[in-house]
Amino acid sequence: MADTVQTWTGSGLRGVAVAPSTLQPLRRFLGRHSTIAFLMCLPLMIIIAGLVIYPACFSIYLSMLNRAQTHFIGLGNFKFLLSRDVFQMVVEQTAIFALSAVLFKALIGLITAHLINNLPAKGQRKWRGMLLVPWVIPLALSSLGWWWLFDPTHSAFNYVLEELGFTEIPWLSQPAWARFSVILVNVWFGAPFFLIMYLAALKSVPEQLYEAAAIDGANAWQKFVHITLPMMRNIIAITVLFSLIVTFANFDIVQIMTGGGPRNTTHVFATYAFMLGIRSGDLPLGAATSLFMFPILAVAAIFILRGVRKRGREIG
Amino acid sequence: MSTAALAPRVNAGLQLRSSLSRNRRWALITSYVFLVAFAIFFLIPPYYMIVTAFKSDAEMARMATNPWIIADGITLDQFRILLTQTDFLTFFRNTIIVTVCVVTITMVVSVLAAFSLGRMKFWGSGVLATGIFLTYLVPDTLLFIPLFQIVKALGLLNSYWGMVLVYPTLTVPFCTWIMIGYSSQSRRSSMKRHL
């Protein structure tokens, strides 16, 4: 058999002979359900292999080259980064940025979801729509809007502060205030996502549980702690972890608002990698910087996957 | 049980109900107060962007007026300048081309894949579904440096075909994941109908 095509089907590896005289087996093979399903997934697999898996491997390879990409230097880039003060500050700032932003996003999302859930059913849609606005505006554009609001010369916020008799605040030019500003914008953008997730979760808590608790004389706080939180525990965990990934990898807000400045104090991993890799042309060092995100993201991803599976089993 | 003995209890019940409704009203009022506060926080930037778009250059340059309101009257000058004196229309056309291409690619690829993953089973389909979810979790900023290198090697760096190539990385896993849920759900409900 010269023309043996090795292909795997539903039952595993199997050789299919394509004889020039009769195409019967091939036709049967192509007509099988699992083959069609596999062929339908093929474009997706090509995209994932070519645009996710290959770049990821390439990134690891790239991070072990020297600046000119001429020879292999092993873990030299990682060692160099860890010895730099600026990089240590970036790690610190990324942790502060991500953890505090996610905490406030989750709090605001939880509070607003409860407030909306308290309203009569008629008004809920309107308020939900209004509070979802930040999530709908493209992040790059709303970051520009915030940048104008913080603008040092004639900023809208400083105008209000002055009218109220306070002194102006150098929002984006003083490290502490600049860090505060980028976190504020991130909270503003991310809170509606939590709102929508928590609102959906609140609706799925059975009403009978609250009625039973009311008969037992539970107050609002006890209902929240003993019914709402346990029922929503899984969805809260998934949302927090997911948001942690997105916030850790944030780029737009910091790049547009401060560009990492003043004096590199607001850099997060992504903006620092962009500065090293593309602005200053040291692609290997940039790749190494962005790879530092990977362990944190991988751990978060594993827990999300576990949570999603558990949630799927709970629902049915 | 006599009527006289029952009366105080009914009274107490009425009182309880009225205090409950009062509590309810207070809860509603506090809810609205806080919601208004959050809505102001959420709507500040879009409001400011809209207000600023309708201001004249003179008002922006004077810097003495309240930036939160339009003091010198509404003007459409900025839009006129944007459309006639800048390359905005070119950018707009680029945006539309990129969007249409990316959405088409994404829809074709992810509808096919989601249908087959949600409704048919084949060797490795479970692993593939999990893999798609994991790639959806990979943030774009983790991969932009190698993708930059790839796009550069393909010579697409300063054209929108580079974007058309790269954007499906972000959109395809997301759309597929969402649609797998839908197609397996509809399978479940159609199976119920058959039973």
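A: One term to begin with: helices (H or I, at least four residues) and strands (E, at least two) are DSSP runs, numbered from the N terminus.
Q: How many helices and strands does chain A have?
A: Chain A has 15 helices and two strands. This is a predicted model, where local features need pLDDT of at least 70, side-chain atom pairs count only at pLDDT 80 or more, and totals for chains, interfaces and linings use all residues. Residues are numbered from 1 along each chain as its sequence is written, chains are lettered from A and ligands numbered from 1 in the order in which they are written, and side-chain values use heavy atoms, leaving out hydrogens and water.
Q: What share of chain A is buried?
A: 47% of its 316 residues. Buried means under 20% relative accessible area, exposed over 50%, partly exposed in between (1.4 Å probe, protein chains only).
Q: Where is A:M275?
A: In helix α13, residues 269-279 of chain A. A:M275 counts as partly exposed because its relative accessibility is 28%.
Q: What is A:M275 in contact with?
A: Leaving aside neighbours within four places in sequence, A:N264, A:H267 and A:S280. Contact means heavy atoms within 4.5 Å.
Q: And how far apart are A:M275 and A:G286 in space?
A: 7.7 Å, C-alpha to C-alpha, and 11 residues apart in sequence.
Q: New topic. Is A:S290 buried or exposed?
A: A:S290 is buried, with a relative accessible area of 1%. This residue lies in helix α14, residues 283-291 of chain A.
Q: Which residues does A:S290 touch?
A: A:A273, B:T141 and B:L142, not counting residues up to four places away in sequence.
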